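Subject: Structure handover

Hello,

Here is the structure for you to look through. My notes on what was found in it follow below.

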Amino acid sequence: MGEISKCAALRFLVNYVPTLPIALCYRPLDPEFISFVPRNMKVAPAPDAEDALLLTFPPAGNPVELRVSQDRGFLPLQYTVKSPQGITITDIVVEYKEDAHVGWIPSSWQSTFGLASYLPAQSNQVEVTNYALNEDVPQDDFALEFPAATWVNDGIKGESYVIRNNGSHRVIKPGESSRDFDKLMNDAQAKED
Amino acid sequence: MDFVRKPSSASRSCGFRWLHRWFLAVLLAGGPIVALVAADELRGPETILAAWKQRQDRVHSLYFEMAEQRTVPKGSFPEGKPPRDFVFFGDYVLNARGTEGRFIDARSLWSTEQSKVVDQRFVTVYKNNVERTLFDKGASRL
């Protein structure tokens, strides 16, 4: 299945938990952060570490706290989202390693997050296994063609279609969406032939 | 709001230079409390934003491969699901340059809709404010 939709640039990077620490490190000023507005931050010493600061943000949604390192260019060390009642909803602790060429790199992070305060919290541990900064990126890396026999929901055009073997689209008509995909595809191919 | 940061040991060893800065801070602030502030030790929003911008501007493109281990305890979803503890493993690849990006997500997870463990694999590209996602055949779309 394929999907097409309009989106703000890099929305995925800055609002997706698995990549959030990378966004906080390298794109902290991206306007697509939905959880906080950097320019509205308030700064205070972190209570638990001499070299850390605690940044808080007026709640756009739930209150957000960001602990940063003074000695490492204000890198984010911990990202916490709390409920209006002060219960931690999401907590991400980031570790870094120093690369002689590109500086501090987020190397791992641990997250805990609760879907609701009355449910047990889930957790995850992410390890960076490979990285590169400022290397040439082939233009093809940002292209994605849907192969034949893909059902595509196009949110921009407001239609769904299947892709025939010749690459043309067979639009799904109202009432057809519940039809068996293989039958739809065979039908599309028969008309193509 | 700016605040005072304790001087580092390196700063303390600067002798006359350090005293000079304290004295300068006293003169500028006109009060004994702020005399504890070294002129180059202030850290406030503008300083932080400037450092963030510098790092953001310095990194034009980035590529990260990540391995995830996720622990999903019994009952961490509504209605007591899943029925037992699970540990899931996943891999991500992130490739971004400017406002363009590619993200690959491949992992197992608990599907609340299907009430079972499913595989999720997809690739998403972002270009010209359009997001295109392709889900692997046989993998669930969540």
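This is a predicted model, with an ipTM of 0.88 and a pTM of 0.80.

I start with the contact between the two chains. Chain A puts 55 residues into it, and chain B puts in 55 residues. On the chain A side, the elements that supply two or more residues are strand S1 (2-6), helix H1 (11-15), helix H2 (20-26), strand S2 (42-45) and S8. Of these, S8(A) contributes the most, with 12 residues. Sorted by class, the chain A side comprises 34 nonpolar, 12 polar and nine charged residues.

- S8(A) runs antiparallel to strand S1 of chain B (residues 61-72), and 10 bridges link them. Gln125(A) has Gln69(B) as its bridge partner there.
- S1(A) is joined to strand S5 of chain B (residues 130-135) by five bridges, again in the antiparallel sense. Within this pair, Glu3(A) lies opposite Thr133(B).

S8(A), residues 122-133, has a partner within chain A as well: strand S7(A), residues 103-113, is antiparallel to S8(A) and connected to it by six bridges.

Chain A is assigned two domains, domain 1 (2-127) and domain 2 (142-192). Where they touch, five residues of domain 1 meet seven residues of domain 2. The domain 1 side of that contact is made up of one nonpolar, two polar and two charged residues.

Chain B has three helices and five strands, in the order α-α-α-β-β-β-β-β along the sequence. It has 142 residues, of which 18% are buried. Taking the contacts in chain B between residues at least 6 apart in sequence, 32% link residues at least 24 apart.

A caution on chain B: its mean pLDDT is 73, and 66% of its residues are at 70 or more. Which part of chain B stays under 50 in pLDDT? That is residues 1-40, where the model has 34 contacts beyond four places in sequence. Where pLDDT is low, the predicted coordinates should not be read in detail. Please keep this in mind when you look at residues 1-40 of chain B, where pLDDT is under 50.

Regards

Methods. Residues are numbered from 1 along each chain as its sequence is written. Chains are lettered from A and ligands numbered from 1 in the order in which they are written. This is a predicted model: local features need pLDDT of at least 70, side-chain atom pairs count only at pLDDT 80 or more; totals for chains, interfaces and linings use all residues. Two strands pair if DSSP finds at least two bridges between them. Helices (H or I, at least four residues) and strands (E, at least two) are DSSP runs, numbered from the N terminus. A residue is buried if 20 or more other C-beta atoms lie within 10 Å of its own, exposed if 12 or fewer, and partly exposed in between; C-beta atoms are placed from the backbone. pLDDT is the predictor's confidence in each residue, from 0 to 100. Domain bounds come from an automatic or database domain assignment. Ala, Val, Leu, Ile, Met, Phe, Trp, Tyr, Cys and Pro count as nonpolar, Asp, Glu, Lys and Arg as charged, and the others, Gly among them, as polar.
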